[in-house]
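Take a look at the sequence and structure, then read on.

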Amino acid sequence: METTSSQKNQTIVDRVVTRLLVDPTLGVLALLVLICLLAAFTLPVFLNGSNLYNLVNNSLVVMILAMGMTVVLVSGGIDLSIGTTMALCAGVTAAAMNFGLPLFAALLAALAMGALVGLGNGLLITRLGLPDFIATLAMLGFASGVLYIWTKGVPIIGYMVPEFYIVGGLTPLAGPLTLPMVIALLVALVLGGILGFTRLGTHFFAVGSSKTGAMQSGVRVERVRMQAYIVSGLAAAVAGIIMAGRNTNVPADLGNGYEIQAIAAAVIGGAALSGGRGRILGAILGAITLAAAVNLINLVGVPSSYQKIVIGGILVAAVLANRISAVVSGKVRQRKAMVLEGIPA
Amino acid sequence: MNFPRAASRALSTSGVPIAIALVLVVVIFQIISPVFLTPGSVRDYINNAIPILLLTVGVAIVIVAGGIDLSVGTVAGLSAGTTMWALVSGAPTWTAVLVGVATGLVFGLFNGLMITVFGINDFIVTLATLNIAGGLLIVLTEQVPLQGVTTPGFSDLVYGNFLGVPTGFWIAAVIFALMQFFLIRTVFGRRIFAIGIAPGAANVAGVNVNRVRLGTFVLSGLLAGAAGVLLASRLGAVQAFLGNGYEFIAIAGAVLGGVSLAGGRGSVWAAVAGGLMLATLQQGLRLNGVDPVYFSIVTGLCIVAGVVFDRRIQQLALGSFRKRAKGGPTPPAPVKLQETHLLGTGKQD
Amino acid sequence: MTERPALGADGLLLNVDGISKHYEGVTALDDVGLQVRPAEIHALLGGNGAGKSTLINILSGLTLPDGGTITLSGHQLDLRRASDALGHGINTIHQELSLVPALTTLDNIFLGREVNARFLGMNVKLDRRRMEERVRALAAEFGLSQEDLKLPVGEFGALKKRVVEIVKALAFDTRLLILDEPTSGLEEEERLNLFEHMRRLREKGVSLIWVTHHLEELYGLADSATVFRDGRRVGTVNVSDTTVDDLLGMMFGIAAGEFGSTSSAPALAEVEVESREEVLRLTDVNRSYVLRDISLTVRQGEILGIAGLAGAGRTELARAIMGIDKISSGTVHWNGNPVKFSGSSAAYRKGLAMLPEDRKQLGILPELSVSENISISSLDRVSRLGFVLKSRDEVSQAESYRQRLGIKTADVREKIRNLSGGNQQKAIVARCLNTNPDLLIFDEPTQGIDVSAKVEVHNLIREFVANGGAAIVIASEIGELVELSHRVVIMKKGRLVGSVDNVPHALVSGQFEAVKNRILAMSAGRTES
């Protein structure tokens, strides 16, 4: 077999590079380490404990959104409305508190709103046949319109009871641990569990990877896609609750730009825009990497007005890397398949 | 027997339904508030709508080719910014116009190359460039105050007068006519339709799919540049967030005009009619004292309405043909979107 | 399954009656029926486009019929989605693999029918261990190891995927198993293994509907056969009472003996091609994992046939020649000069053209008119300055093709999707001819079109080469290839494994069956290559 010998001839470097390219989670981990090393030599402040702590703490909202986005991407969709939904849910929480509802009722209201928006997205896509990004773009416009009309452009304030400082992570829970960290961990466990160990998770991958295959196997494709959007709506609601606590007021433009950060983080974490690929761990690392990159750039002294450009650039780079990874892993996969069938390359 | 067939054929011609709807809406608004059709008011609202109409046409051409361009709004804003920047730096009007159009061209080229060379999803690339262009305008406005320009001739681009009609109208009309001619009557336009209908089939038929796709993004970039120049000329000052959200209105206008998001169907006139419809709705709402923020909701609803209507028309056209269809459930013809994008363009390895 | 399936009053397991299906004006099924008895293997036969796939899709809940009834064991079924069919015990092995590349073999096998375990008091967690236990023995029988069960299916080649597909269908209790060409691409051993399983299922009381193109396979295995042609049922026979030729006759509507003699072979035999100019020469052309060391030549005035099973690389070769897919090594000579096509447009400019296999997906541009479909590959012929279209010329050009090729449409400005399959195909032929090519590649030129259109398309191909063109014809129906070609080369697993020269001469001397069998043997690889 000439192929096995040629495989042995591959250098270790070759194999490491291939492995990093094929496994996106390893790749993003390597990238994160690289950023940290780079920073350690040039900017010691970066590795300062409090800076790292703040960095992780600040990445939590994007992290939760990115996890929801990952579920949608895995199922072959995309949710551009996730940022606006977050703002809308933050508004619902704040308004419910102001209305005099107890805390848990306010949180439930926010979650219900998130699920409702997700359901709306799902219906637009599966019932009316709109392409995913158009449906969620329309939802973005619709939801932000509702938020503006409702708030009349004035931020919602006056809802910050003491518990809300804990919810937002402004008051730590115990020691350095904040509630948003716990929540993010819980969201990760739940979503990771769903993707990895449940029928629903299997169906998310199936629908994203091959709609025909899933349909022929008896999977209710449309219902599964709808459920993915409900998950991302719920994730947006959780993020919105935290955001309401952290920001101490809810302006109508609270969620602007968060959709692109969530997409960037998910894609850095290895989620494929073509569906069927993505991991919760990847989304977490992706969100931290994104925060680290932005943090580093701020530390270097680039004004914050450049942030939009930086994030746009990172998104392009991430998608490009993802595309290369897909091509390489496709080749590796093909090579394996051919070896298995005894066809020499 | 013949009437429904002819009617469905007419209705499935792109642009006809929206033109009828537009006339209806204008009549309704005129009845509600008789000041609606005064010459001054009509001139103002169309004048305001022209830049977005240009974006609508650009997006429509990209959509006909089976793609999407989300970056047009902020690119137009940035082009307005670079135009003003050139003027502030003392450049003459024609140089400033060139700078503005070139800005759009650069972004169109970048979008097109990323999409065709690297095979990345168009909406992700253009979502990224939406942010990059928007970010660049923020930075630009921080560096240079983009206002107070008195360069002779610049404001005449929009406010000048030729044969009793504002020059902005003439410029827009000429661009629209050129684009319509280009899309419907030229070889390149025919290829745009072909790749929008079925990129794989177009490729097998010898159409250079990537080159045509690149061309549509370049065109959309150029139109965004032109829209930016007209924006700058009309406003006289450029703010940091100029153009944000315009892509949304442009897509809604195109879809409302019957440009199919599935690709391969639509025309420039239809897109313009759709854009005018949105502008008219906005004006009508304004005249009747409705808060302008409702407009974003209206726009969102218009996208949905446009898509739903488009599918109904498709079924109607099919139904009238399918004479021998018996009773029983007939599922709607599956509308294929996006999925065929990478089929057979030869870029997968 | 513990109990025997209850049966209808008629003693049938499945009774399909009066099913029709129309697609956009094309009739796929016209009032067909199918009766399957309990515990029988029922073959479903027919040429391409006969309507078998449509019926299978209807039975597996993927397509809604326009009308008609489906009765299983006396109960009328309402199949609205795949899970309905699966729920009634109707399992299908689809020709197009229904596997999901991103999932592991195990998850694929149980997709839609997962087994759950309790977790935190809820019955939500997948019990992959139990699932694995349930299929391990079956999987091992088909050569799938425990590691294979944990690998994503996307990492397997076509052959192994098909094996997974078979295991997936056999892993569950079934009353009716539908197999759509289950053996295509399988090696002899897996093939026999599958047949053994089919027998065992029948003994257990399961009925099978079996679609195959390899008629020899039927004997000794299938009990009865229903033949479809052009969306209609021709008839149902006992397999043991028939011969392959009888079945072929039913499938194609001609008596068996006429097969070879209908062609205009003698006319072709006159052509002496050895001395003709070489148009295309491939030398050691490779495309990673798809094509391997392909060398061939095509001469002016010659029809070169390419035979091979599905997945042998025939379409891939055509695409590589046209520059649609990249060639990784090897040289292509065009009219004696080395060329490298960067894409299909470059190939068209040099005088190549291609009629693709998948007419619906890659052939027609459904939203454009017939005339626009004809002109798309040669727009410079109907434009001024190579830029501005002259629509009047375009229409009159299409009009002349309509008369010449007999394209049946009231108006060439009608959208092409409203034409029948055969007329669409003629329009695509017109598109190719209009580019005035030196070499025309026909990939499955008669797939899914009716017999009379078939003959017309064949005549167009012959006329094209008679006027000095060169043609490559790819076809699955070997009889068709033998009738048309001057020379046939055979592909298998991306390689050329043999060739038959001077075919017309062999036909004249009455060796139609011999040539056919030789090609068949080489495609299946039963002889040494």
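Helices (H or I, at least four residues) and strands (E, at least two) are DSSP runs, numbered from the N terminus. By that rule, chain A has 15 helices and zero strands. The model is predicted, so local features need pLDDT of at least 70 and side-chain atom pairs count only at pLDDT 80 or more, while totals for chains, interfaces and linings use all residues. Residues are numbered from 1 along each chain as its sequence is written, and chains are lettered from A and ligands numbered from 1 in the order in which they are written.

**Chain A**
- Of the 345 residues in chain A, 52% are buried (20 or more other C-beta atoms within 10 Å of a residue's own; exposed means 12 or fewer, and partly exposed is in between, with C-beta atoms placed from the backbone).
- A:Q307 belongs to helix α15 (residues 307-341) of chain A, and A:Q307 counts as partly exposed because it has 18 C-beta neighbours inside 10 Å.

**Where the chains touch**
- In chain A, 33 residues are in contact with 37 residues of chain B (contact means C-beta atoms, placed from the backbone, within 7 Å).
- Helices α7 (132-151) and α15 of chain A each supply at least two residues of the side that touches chain B.

**Helix α11 of chain B**
- The end C-alpha atoms of α11(B) (residues 209-235) are 39 Å apart, which agrees with the 39 Å that its 27 residues should span at 1.5 Å a residue (1.5 Å times one less than the number of residues).
- In α11(B), 22 of the 27 residues are buried.
- Just after α11(B), B:G236 has a positive phi of about 75 degrees.

Terms used: Contact = placed C-beta atoms within 7 Å.
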